[in-house]
Amino acid sequence: MKVLSQWIDVHHIGSHCASTAMRTIFLGYGYAFSEDLCFGLGSGLGFTYQKYQSVDYYFFTGRNDSLEENAVGILGGYIETKRTDDPIVGWQWAKQWIDLGVPVILDLDMMYLPYMKDKLQIEQSFHFGLHNAILVGYDEEKSVAFLLDYLWNDVIEVSLKDLENARNSKTSPIKPDNGLKAIVLPKGQRDINLIINEAIRTNIFRMKRPFAFKMGLPGIKLFAREIRMWNKLLPDKERQTHAYMASMLFEKVGTGGGNFRRMYARYLKECAILTGNQQYLNSYKNYMELFRCWRQLAKLFELGAIDPNAGIFADDPEIEIFLEKMVDLEYKALENLEAIISIKEVMIC
């Protein structure tokens, strides 16, 4: 039996699985960072809108896909990321890090975690292979592992079989593939002004120039246009399935509310406090407005999931106006943030 109490002692409930895991791990290394600061330093703001051939719904997310790598890189730490289709190998990798005293962030399909299904009261099948929890110990004699998850203050005991099923799921649009991340951070930290500046510049670049189709700002623009075409292109049942998934992913499944916009807003408010630059408060207000927009959109999708001619699918010109406003605000919010960074760089020069 091996248990890493150093991280169990500092863990508490959070808003999003990955950023909560980062906060817990960073706290264990002595970095007194809030969850919002972890999210922001990971250049967490993002957008992805993608249809996978193997499943019957779209995948949406409002965060980037390299949150941990970005934050650890900025802090000068080390991160090991591994994936395998062999669950035995995957378990051995995870055990090796635990035996070294290092917690491990696991990729999991939440539908195979009984405690998660009960907590979220998931009514429809919702296979999502990118849920994260921290492995902090195991007891092979009792066939159990010990996890820290974002909606629980206390350590969770889960059977090794359930954990294997969640790590090795083949029914998720993005398969977890027994993925893990192990993080080691140095003692002491770099200047907070510098790392905030680097993180925001990286986030702006990723949003304006995404590396793939249907991502970032261009992806948001395309998404807003295409969802209003679903009425003509998709049958009722399929529209309702997509709407249900969107309502869950934008609001209910670990986004912190409003498709991660509220988390990023709170990060910017913290930036104003940490740097003394009050201009960040204007950007905070921009992203709080976007948080309310995305929350309203999630509600429209929720209504569309119940009735294929209601909510987001209603024949209402006001919805078109709302979507145009939201897209415009996404572009303006990033422009305003970019202006703050540019001014800071001129002042430093």
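**Cavity and backbone**

Guide: This is a predicted model, and the structure holds one cavity of 30 Å³ or more.

Visitor: How much space lies in the largest cavity?

Guide: The volume is about 90 Å³.

Visitor: Which residues are the closest to the centre of the largest cavity?

Guide: A cavity is a place where a 1.4 Å probe fits but cannot get out. Here 14 residues line the space, and Gly46, Phe47, Asn64, Arg206 and Met215 are the closest to its centre.

Visitor: Which elements give two or more residues to the lining of the largest cavity?

Guide: Strand S2 (45-51) and H8 do. S2 gives the most, with four residues.

Visitor: How do the residues of the lining divide into nonpolar, polar and charged?

Guide: Six are nonpolar, five polar and three charged.

Visitor: Is Asn178 buried or exposed?

Guide: Buried means under 20% relative accessible area. Asn178 has a relative accessible area of 1%, so it is buried.

Visitor: Where does Lys214 lie?

Guide: Lys214 lies in the loop between helix H8 (192-208) and helix H9 (216-226). Lys214 has a positive phi of about 65 degrees and is not a glycine.

Visitor: Why does Lys214 count as buried?

Guide: Lys214 counts as buried because its relative accessibility is 14%, and the cut-off is under 20%.

Notes: Residues numbered from 1 in each chain as written. Predicted model: local features only at pLDDT ≥ 70, side-chain atom pairs only at ≥ 80, totals over all residues. Heavy atoms only, no water. Buried < 20%, exposed > 50% of the residue type's maximum accessible area, 1.4 Å probe, protein only. 1 Å grid on protein atoms, 1.4 Å probe; cavity = no way out; pocket = protein on both sides within 12 Å on 5 of 7 lines; lining within 4 Å. Points joined across faces, edges and corners; volume = space filled by probe spheres on them. Nonpolar A, V, L, I, M, F, W, Y, C, P; charged D, E, K, R; others polar.
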